Amino acid sequence: MTRIALTVNGSRCEADVEPRQLLVYFLRDQLGLKGTNVGCDTTSCGACTVLVDGESVKSCTVFAVQADGCEVTTVEGLAQGDELHPVQQAFHEQHALQCGYCTPGFVMATISLLKENPNPSEVEIRDGLEGNLCRCTGYHNIVKAVQAAARAGA
Ligand code: FES
Ligand code: FES
């Protein structure tokens, strides 16, 4: 086991992890943060996307030990009390989800995309989110949600 210390959703946390433990399972199983989903386990779907030091990362693709000393944000860390993050609010208002399984990953990837490009074109949105897959929506409303979040200054 290896001792790691990191900040998750603003809270300092120390834990012993196996060196082979993936970050997504550390978040879900050791910290109980089940909002980060596993859709493929092979770096394909983006359902497991979180922010590590502000950058979007597929958490099935990195080991928990690689997050040692980092600041990790999951979907649970976005809302302020009852107030949704502007990207969450935009997904809600634009009906950008059906089953919702992909949604936490899309929300986290959108936050990262808008940080890099606060006013993306539709093509830039589709390119920027190409690492996230959705089986339900056809993507149209997801693009509308990202545009709405950009207008809201997310
Ligand atoms: S579960 Fe990580 S990319 Fe699909
Ligand atoms: S809303 Fe069902 S997979 Fe995207």
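This is a predicted model: local features need pLDDT of at least 70, side-chain atom pairs count only at pLDDT 80 or more; totals for chains, interfaces and linings use all residues.

Biologist: Which residues of helix H1 are buried?

Modeller: Helix H1 spans residues 23-30, and its buried residues are Leu23, Val24, Phe26, Leu27 and Arg28.

Biologist: And what follows H1?

Modeller: Gly32 follows H1, and its phi is positive, near 75 degrees.

Biologist: Let us move to charge pairs. How many salt bridges are there?

Modeller: The count comes to five salt bridges. One of them joins Asp16 and Arg3, with the closest N and O atoms 3.2 Å apart. This pair links distant parts of the chain, since Asp16 lies in strand S2 and Arg3 in strand S1, 13 residues apart.

Biologist: How exposed is Asp16? And Arg3?

Modeller: Asp16 has a relative accessible area of 37%, so Asp16 is partly exposed. Arg3 also counts as partly exposed, because its relative accessibility is 49%. For both, the value falls between the 20% limit for buried and the 50% limit for exposed.

Biologist: What about Glu18: which residue is its salt-bridge partner?

Modeller: Glu18 forms a salt bridge with Arg20, and their closest N and O atoms are 2.9 Å apart. Glu18 is partly exposed at 36% relative accessibility, whereas Arg20 counts as exposed at 63%.

Biologist: Which residue does Lys34 meet in a salt bridge?

Modeller: The side chain of Lys34 meets that of Asp29, at 3.5 Å from N to O. Lys34 is partly exposed, with a relative accessible area of 44%. Asp29 counts as exposed, because its relative accessibility is 52%.

Biologist: Which residues are joined into one network by salt bridges that share partners?

Modeller: Arg3, Glu14 and Asp16 are joined in that way.

Biologist: Changing topic, which residues gather in the patch of negative charge on the surface?

Modeller: That patch brings together Asp53, Glu55, Glu71 and Glu116.

Biologist: Where is Glu71 found?

Modeller: Glu71 is in strand S5, which covers residues 71-73. Strand S5 is also among the elements that cover the buried residues of H1.

Biologist: Why does Glu71 count as partly exposed?

Modeller: Glu71 counts as partly exposed because its relative accessibility is 48%. The limit for exposed is over 50%.

Definitions and conventions. Residues are numbered from 1 along each chain as its sequence is written. Chains are lettered from A and ligands numbered from 1 in the order in which they are written. Side-chain values use heavy atoms; hydrogens and water are left out. Patches are made of residues with over 30% relative accessible area and no salt bridge: like charges are joined within 9 Å, nonpolar side chains (Val, Leu, Ile, Met, Phe, Trp, Tyr) within 5 Å. Accessible areas come from the Shrake-Rupley method with a 1.4 Å probe; for residues, only the protein chains shown count as cover. A salt bridge is a side-chain nitrogen of Lys or Arg within 4 Å of a carboxyl oxygen of Asp or Glu. Lys and Arg count as positive and Asp and Glu as negative; His and the chain ends are not counted. The place of a charge is taken as NZ of Lys, CZ of Arg, CG of Asp or CD of Glu. Helices (H or I, at least four residues) and strands (E, at least two) are DSSP runs, numbered from the N terminus. Buried means under 20% relative accessible area, exposed over 50%, partly exposed in between (1.4 Å probe, protein chains only). Contact means heavy atoms within 4.5 Å.
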